Amino acid sequence: MATREEYEQVKAFARIDGAIVGCLWIVSFICFVANFRYPMMGLLGMAIGAGSIVWAAVRLKRFRNNILEGVISFRRAFCYSLFVYLYAALIMALGQYIYLQFIDNGYLISEYTQIMSRQEFSSLMDLYGVKKEDLKLAMDTLANLRPIDFALQFFTMNIILGVVISLPMASMIKSNRKRNY
């Protein structure tokens, strides 16, 4: 990006798309939580999460075609995509923090503890050679995490995921040919 105006333009459009992707990720997280009571919600949550990546790619392509007249460099496409996932990760972290701080009240930990107490789970862990003490230690560690710790952990993970997704997305969307529409 050669000028400050181009940089600001990328940030402005990415901010809007990042907000939408972040909202989709929050809906996906809500589906994950609802999965404990309604098992099909987990599948819906995964579909929404995967669909948000496709949606971001479509929006990047639309930005290239409609705003930049069909020409976008790899660098600008990569920057746009990174900003989208940065804004989405911020919104997702905020949503997770709000849920865990004010709504959850130990629901997720109790559901995981209940799953781990089932005989099928114990058999599976025995098959993989996982000791019950190790599982208990992991659950105690999760239970001791503050909501902000959990949100920051997933924020970091979502940023890394955004970088990994942005590389192929930018390479597929970049174009040096001007479109005639």
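Predicted model: local features only at pLDDT ≥ 70, side-chain atom pairs only at ≥ 80, totals over all residues.
Residues are numbered from 1 along each chain as its sequence is written, and side-chain values use heavy atoms, with hydrogens and water left out.

Cys23 itself is partly exposed, at 46% relative accessibility.

Now, charges. I call something a salt bridge if a side-chain nitrogen of Lys or Arg is within 4 Å of a carboxyl oxygen of Asp or Glu. That rule gives us six salt bridges, and I'll walk you through some of them. When I say helix, I mean a DSSP run of H or I with at least four residues, numbered from the N terminus (strands are runs of E, at least two).

First up, Glu8 and Arg4, whose side chains meet at 3.8 Å, N to O. They're four residues apart in helix 1, which covers residues 4-34, so about one helical turn separates them. Arg4 is exposed at 60% relative accessible area, while Glu8 is partly exposed at 30%.

Next, Arg76 and Glu6, a salt bridge at 3.1 Å, N to O. Arg76 is in helix 3 (residues 74-103) and Glu6 is in helix 1, so this pair ties together parts that are 70 residues apart in sequence. And which of the two is buried? Arg76 is, with a relative accessible area of 11%; Glu6 counts as partly exposed at 24%.

Then there's Lys136 with Asp140, at 3.4 Å, N to O. Both lie in helix 6, residues 132-144, four residues apart, about one turn of the helix. Lys136 is exposed at 51%, and Asp140 is partly exposed at 35%.

Last topic: rings. A pair of aromatic rings is described by the distance of the centres and the angle of the planes. Rings of Phe, Tyr and Trp (its six-membered ring) pair if their centres lie within 6.5 Å; planes under 30 degrees apart are stacked, over 60 edge-to-face, and the rest tilted. There are 13 aromatic pairs in the structure.

One of them is Phe36 with Tyr107: centres 6.2 Å apart and planes at 80°, so that's edge-to-face. Phe36 sits in the loop between helix 1 and helix 2 (40-67), and Tyr107 in helix 4 (residues 107-116), 71 residues apart. Phe36 is buried, at 17% relative accessibility.

Compare Phe63 and Tyr80, with centres 4.8 Å apart and planes at 15°, so this pair is stacked. Phe63 lies in helix 2 and Tyr80 in helix 3, so the pair joins parts 17 residues apart in sequence. Phe63 is buried at 2%, and Tyr80 is buried at 1%.

And to finish, Phe36 and Tyr107 also turn up in one aromatic cluster, together with Phe29, Phe32, Tyr99 and Tyr112.

Technical notes
Buried < 20%, exposed > 50% of the residue type's maximum accessible area, 1.4 Å probe, protein only.
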